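Open the model in your viewer and keep the selection panel at hand. We will go from the whole chain to the sheet, then to the ligand.

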Amino acid sequence: MKISKYLSLDKEEFIKKIITTYPEPETLEIVGNRKLGKAIAHISGLPYHDCPSKSEWCMKKCYGIYNNRKIFNCSEKSNLMVKAAYYSHLSNTNPEKLSKVLIRTFNKSGYYIFRIHVDGDFFTVGQIEAYISAIKRCKHVKVFFFTRSWNNSELLPYLNKLKSLPNVKGFASVDFSMDKQPPSDWLSASIVGHFNNVGIVCPEQLKKVENCIRCGICFNKRINKNILFFEHS
Ligand code: SF4
């Protein structure tokens with residue numbers, strides 16, 4: 001599928017097609033990518049379509065759309081696509097069920113560190129509440145996320161609750177094309193040269209560590225530093 005076709009998809013039609021064709025997955029984790037390392041799983045939605053606060057810069061540089069794995073270049077029946085579609089669907093329509101599936105994912109996947117949203121972002125209150133409820137019941141997991149949805153006044157109070165859980169670390173993603181700055185009680189995640197340049201440059205991008213599992217800054221709650229990234233090429 002071409003990028004332009006993916007961007008212009010009717011999300012609801014697309015999801016309906018997938019969930020009426022492929023069986024519902026038992027759990028939502030996707031095995032970590034090269035950067036995360038194989039010991040970290042992620043839970044992801046549909047890039048662009050599940051991103052209510054995408055910025056102008058995102059639209060040009062979205063990792064989920066323009067990097068090598070390109071969700072829309074996967075076959076429709078791929079794990080990545082089917083799980084993203086079901087996850088998006090549950091987030092939008094059935095947060096109670098989403099919470100149960102998240103609990104099953106946290107308990108049965110065999111992973112204990114999860115990044116929420118390599119692709120996609122938080123887009124409903126119910127979805128964030130489902131995470132809060134599931135993570136409170138799964139204290140053995142560590143969860144981290146980067147989000148631009150702090151820029152959504154309806155979602156922000158729920159994101160504040162989520163990031164304040166003891167086993168959750170959240171960063172407010174920000175770039176030069178956004179007209180607001182993250183709230184002062186949030187750690188920021190930004191591109192070098194885009195925001196305040198105060199923080200730690202991702203050691204994986206500096207080739208100081210092999211992957212996130214060898215670093216841990218983004219899920220170690222005791223490290224209270226902003227993160228800076230270089231643009232993906
Ligand atoms: S700072 Fe560390 S944990 Fe965070 S993205 Fe970079 S390598 Fe991964």
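Select the protein chain and look at its contacts with a separation of 6 or more: 75% of them join residues 24 or more positions apart. Contact here means C-beta atoms, placed from the backbone, within 7 Å. This is a predicted model: local features need pLDDT of at least 70, side-chain atom pairs count only at pLDDT 80 or more, and totals for chains, interfaces and linings use all residues. Residues are numbered from 1 along each chain as its sequence is written.

Stay on the whole chain. Its C-alpha atoms fill a box of roughly 45 × 40 × 35 Å along the principal axes. Of its 233 residues, 39% are buried (20 or more other C-beta atoms within 10 Å of a residue's own, with C-beta atoms placed from the backbone).

Now colour by secondary structure. There are eight helices and eight strands, taken as DSSP runs (H or I, at least four residues; E, at least two) numbered from the N terminus.

Select the strands. They form an open, mixed sheet in the order E1-E2-E3-E4-E5-E6-E8-E7; pairing takes at least two DSSP bridges. Strands E1 (30-31) and E7 (200-201) are the edges, each pairing on one side only.

Zoom to E6 (187-191) and E8 (227-229): they run parallel over three bridges. Ser190 stands opposite Leu228 in E8.

Finish at the ligand. Around it, select Cys202, Pro203, Glu204, Val209, Cys212, Cys215, Gly216, Ile217, Cys218 and Ile227 (C-beta atom, placed from the backbone, within 6 Å).

How values were computed. Buried ≥ 20, exposed ≤ 12 C-beta atoms within 10 Å, placed from the backbone. Contact = placed C-beta atoms within 7 Å.
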